[in-house]
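Here is a short report for a reader meeting this structure for the first time. Look over the sequence and the model, then read on.

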Amino acid sequence: MNRAIEPDELLAEAAWLRRLAVRLAGDAEQADDLAQDAVVAAWQKQPEARGSLRPWLGKVVRDGVKMLRRGRGRRAAREGAVATASVREPDELLAEARLHQALVTAVTG
């Protein structure tokens, strides 16, 4: 049976966890979020803690960093697609609309 994780155990790992998150994420603000998410996950899931919580907490942070990187990659791809999309001038759009209108008139009229 799992023993309950005490808040003091999590607090004792807070400084180590933040250092790990900063080293992996490279961004202090995101590192704070990652470390906090790991503590919340440990508190909610109550992983089996026979020894140190560090391996479990470290995996949560590493997985969080992977998700952040995937998200950044997807965002960069979307932004790149938008940046390369052609933007048409209003005159060009108006000319196309007039052409469509003339086509509809020729077909129906």
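## Surface and overall form

Accessible areas here come from the Shrake-Rupley method with a 1.4 Å probe. On that basis the chain exposes about 8200 Å². Carbon and sulfur atoms supply 57% of this area. The model is a predicted one.

The chain has five helices and zero strands. Read from the N terminus on, its elements run α-α-α-α-α. The radius of gyration is 27 Å, well over the 13 Å that the globule rule gives for 109 residues, so the chain is more spread out than a compact globule. Along the principal axes, the C-alpha atoms fill a box of roughly 85 × 30 × 15 Å. Of the 109 residues, 20% count as buried.

Helix H2 covers residues 14-25. At 1.5 Å a residue, its twelve residues should span 16 Å; the end C-alpha atoms are 16 Å apart, which agrees.

Which residues of H2 are buried? They are Trp16, Leu17, Leu20, Ala21 and Ala25. Seen down the helix axis, these buried residues fall within an arc of 145°, so they line one face of H2. The general rule is that an α-helix has 3.6 residues a turn, so residues three or four places apart point the same way. On the other side of H2, Arg19 and Arg23 are exposed. Just after H2, glycine 26 takes a positive phi of about 75°.

## The core

What do the buried residues of H2 pack against? Their partners are helix H3 (28-45) and helix H4 (54-84). The largest nonpolar core has 16 residues. Leu17, Leu57 and Val61 have the most contacts inside this core. The elements that give two or more residues to the core are H2, H3 and H4.

Take valine 61. Leaving aside neighbours within four places in sequence, valine 61 is in contact with Leu17, Leu20, Ala21, Leu24, Leu34 and Ala38. Across the chain, consider contacts with a separation of 6 or more: residues 24 or more positions apart account for 61% of them.

Helix H5 takes in residues 90-108. At 1.5 Å a residue, its 19 residues should span 27 Å; the end C-alpha atoms are 27 Å apart, which agrees.

Is H5 buried or in the open? Of its 19 residues, the number buried is zero, so H5 lies largely in the open.

Methods: Residues are numbered from 1 along each chain as its sequence is written. This is a predicted model: local features need pLDDT of at least 70, side-chain atom pairs count only at pLDDT 80 or more; totals for chains, interfaces and linings use all residues. Side-chain values use heavy atoms; hydrogens and water are left out. Helices (H or I, at least four residues) and strands (E, at least two) are DSSP runs, numbered from the N terminus. The expected span of a helix is 1.5 Å times one less than its number of residues. Buried means under 20% relative accessible area, exposed over 50%, partly exposed in between (1.4 Å probe, protein chains only). The arc is that of the directions from the helix axis to the C-beta atoms. Contact means heavy atoms within 4.5 Å. A nonpolar core is a set of buried Ala, Val, Leu, Ile, Met, Phe, Trp, Tyr and Cys residues joined through side-chain atoms within 4.5 Å. The radius of gyration is taken over C-alpha atoms; the globule rule is 2.2 Å times the number of residues to the power 0.38.
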